[in-house]
Amino acid sequence: MPMAMLLPLLAVAALEEKYEVEFGVHEIESWDGTRLMANSYVPVKGNETFPLLIFINSWAMPSEEYIAPVHRLARRGYVGLEYEARGFYGSGGQIGTAGPDDVQDVQAVITWALKKWPQADPNNIALGGISYGAGLSLLGAGADTRVKTVIAMSGWKNLVDALWWQTAPSLVWSDILLEIGKTTGRVPPILYEMLYNLMHYTNVSYTIDWANQRSPDKYLAELNNRKVPIFISNNMEDNLFHANFQLDFFEQLQGPKRLFMNQGTHAEAELSGLIPGDDNNAIWDAADAWLDHFLKGVVNNIQLPPLVRFTLGNKEVVMEHELFDTWPPSSGYEVLAYRLNSRGSEQFGLLDPSSTRTTPDTIAFTNHTEMTCGIPVVSPVLEPVDPIKCKLDDLNPQYEIAFLTEKFTRKTRVCGNIELENLVVTANAERFQVFGYIYTYNHGLLGHKGTLVAHTPAGVWANATAGQPYTFGTLEFRTACVDVKEGHQLALGINLKNLLYKDANSEASLNVTIDYTNGAPLLKVPTVKK
């Protein structure tokens, strides 16, 4: 059942940091002779054995990234190692982008560490990391049966979904990854080729195969067969590794699992846990408890429900959480369904349980849309304390359309993945794109403002005919957890431009007509029953 609270998820007593530790810097020879740079903190006490914990660097971060948690956990009785993946900084080779070479590196590092430290327990091994390190940890656990548990923070389920969500190429984040990869490592030609393919819808099958090799969900059956305990943390404003896919991944896992869904953009909520002396990060506290339980046998109830924690959005300073026994929730959950009703000659279309207004609406392409409201990358960083707002009343009806529900008669908590089904459009071109946005809307004295909650992209590069209806599959929005206040409304916005994504068509002549007949588009909004 869902449970709201103003406190952290757990209050787990940490193990005493009683061990003296020794710091080391290492060059690890991997399976093919490639040198991998690493450092370690290891307890120096005599004949005792300790679990082995290996952290893998985030994209473009050095191995020292995890110096604080590795030191802390070593003091609590772990052999702690962190290393730089191939291609970055002092490690040799070219960046593997979480490919087969990287997975073999993970296995080689485990073998090296067990040989280096006889006190490391081969039956209690964990992999962990943030972002790139999270994905490599999941891939490594799938490939190597020696891995007992995983800590995956701000990772990904499938690389196609991350970089090509609903066939909308992730333009901004692809550029960011490429540029910082070039600055801190050695980018191979294949990565340039794959990103070009994604941006231009070229060599599609080959590119998808390349990305699927680098996707943890390819090991889903293996992880489930072994019931590998997996701790996941992701952030709801993450526009690189979208939280909705991690929520789906969590649902598919069959072993012990725990999920934190936080506010903030990529890796934002987890970062403070990397700062030496910062002991106030609830995510890292829970991760430590996870390791203590599954590697040391500590009885701390970390494996028991509630297993899912959402941090409520748009709360500015106040931190509030919604807890669920698992996902999807077994009870206390309701999906509200709204049909899209035409705008016609009105300012807004309607979101209503029934379909009564069916006149088609047409919108055109422009590079100057008001719907995204913020600045790519920058605004999501500030969103936990400064929600992204825009005046929906100022939208240009030629280029964008918004639909409103009736005013809510009580505060309603929206939590989960909103979906848009049966969207049928007719474009005047074979290639086009559509973007959807969810807002909370307040028709108040300070201006008619919408607060951005979530978005969804959809690119159409093939299989459409100009002038003929095109039906989208279910469009899933980014995960959200927000309150719609009493007297406020929900809004759905639709336009043809979002700066985060590469346009399938950016011609000024592009227009798209929304069809409301033959079963109007259906917006499904998951809510917590109070």
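**Close-up views of a predicted model**

**View 1. The disulfide between Cys-415 and Cys-481.** In this predicted model, Cys-415 and Cys-481 are joined by a disulfide, with their sulfur atoms 2.3 Å apart. A disulfide is a covalent bond between the sulfur atoms of two cysteines. The torsion about the S-S bond of Cys-415 and Cys-481 is about -100°, and the disulfide is therefore left-handed. Distant parts of the chain are linked by this pair, since Cys-415 belongs to strand β19 (residues 412-416) and Cys-481 to strand β26 (residues 480-484), 66 residues apart. Both Cys-415 and Cys-481 are buried, and a search of the whole structure finds one disulfide.

**View 2. The buried side of helix α7.** Helix α7 spans residues 204-212, and its residues Thr-207, Trp-210 and Ala-211 are buried. These residues cover an arc of only 95° around the axis, which means that they lie on the same side of α7. The packing partners of the buried residues of α7 are α4 (159-163) and α6 (189-200).

**View 3. Tyr-132 in the largest nonpolar core.** The largest nonpolar core has 78 residues, and of these Tyr-132 and Phe-310 touch the most other members. When its neighbours within four places in sequence are left aside, Tyr-132 is in contact with several residues, among them Trp-59, Phe-88, Ile-95 and Trp-156, and its contacts also include Asn-57, Ser-58 and Asp-102. A second, separate core consists of 41 residues, including Leu-420, Ala-427, Phe-432 and Leu-492. In soluble globular proteins, nonpolar side chains tend to be buried together.

**View 4. Gly-93 in a loop.** Gly-93 lies in the loop between β5 (79-83) and α2 (100-116). With a relative accessible area of 35%, Gly-93 counts as partly exposed, because that term covers values between the 20% limit for buried and the 50% limit for exposed. Although Gly-93 and Arg-186 are 93 residues apart in sequence, their C-alpha atoms are 7.5 Å apart in space. Leaving aside neighbours within four places in sequence, Gly-93 is in contact with Thr-34, Gly-87 and Arg-186.

**View 5. Confidence along the chain, and residues 4-11.** The protein chain has a mean pLDDT of 93, and 93% of its residues reach 70 or more. Over residues 4-11, however, the pLDDT is below 50, and this stretch has 22 contacts in the model beyond near neighbours in sequence.

Notes:
Residues numbered from 1 in each chain as written. Predicted model: local features only at pLDDT ≥ 70, side-chain atom pairs only at ≥ 80, totals over all residues. Heavy atoms only, no water. Buried < 20%, exposed > 50% of the residue type's maximum accessible area, 1.4 Å probe, protein only. Helix = DSSP H or I, 4+ residues; strand = E, 2+ residues; numbered from the N terminus. Arc of directions from axis to C-beta. Contact = heavy atoms within 4.5 Å. Core = buried A, V, L, I, M, F, W, Y, C linked by side-chain atoms within 4.5 Å. Disulfide = S-S within 2.5 Å. pLDDT = per-residue confidence, 0-100.
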